[in-house]
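Let's take a walk through this structure together. Have a look at the sequence and the model first, and then read on.

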Amino acid sequence: MATESQPRAHKAGTFDIRLIIALLIGVYGIILTVMGLWFTSDEEIKKAADVNINLWAGIGMLVVAALFILWAVIRPLVVPADTETETGDTPAVAGE
């Protein structure tokens with residue numbers, strides 16, 4: 001049985017920038033949602049035209065984070081197996 005010597009393409013996985021963005025937006029969304037639910041006073045809501053802006057912004061950010069995760073799951077990035085440049089040259093190493 002012969003083994004393949006050619007490298008195979010693989011998914012970017014956790015290094016997909018969409019997942020990193022989703023994590024950052026999601027963390028801020030959780031913080032704003034918690035602040036909106038339990039730590040926003042009636043006076044602060046009154047200043048914001050009777051809208052609990054922390055709550056709504058937090059929920060919106062959580063929805064956006066979920067959409068980013070869904071996008072990354074449905075259409076994962078595939079890293080090509082061939083990492084050489086189009087000319088066939090290997091990348092230069094500093095100091096050479």
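This is a predicted model: local features need pLDDT of at least 70, side-chain atom pairs count only at pLDDT 80 or more; totals for chains, interfaces and linings use all residues.

Residues are numbered from 1 along each chain as its sequence is written, and side-chain values use heavy atoms, leaving out hydrogens and water.

L55, G58, A65 and A72 of α3 are buried. Seen down the axis of α3, its buried residues fall within an arc of 115°, so they line one face of the helix; the arc is that of the directions from the helix axis to the C-beta atoms. These buried residues pack against α1 (17–38), where contact means heavy atoms within 4.5 Å.

How far apart are the end C-alpha atoms of α3? They are 31 Å apart, which agrees with the 32 Å that the 22 residues (53–74) should span at 1.5 Å a residue. The expected span is 1.5 Å times one less than the number of residues. Helices (H or I, at least four residues) and strands (E, at least two) are DSSP runs, numbered from the N terminus.

Finally, visit the loop between α2 (42–47) and α3, where A49 lies. Phi of A49 is near 60°, a positive value in a residue other than glycine, and A49 is exposed at 63% relative accessible area.

Conventions. Buried means under 20% relative accessible area, exposed over 50%, partly exposed in between (1.4 Å probe, protein chains only).
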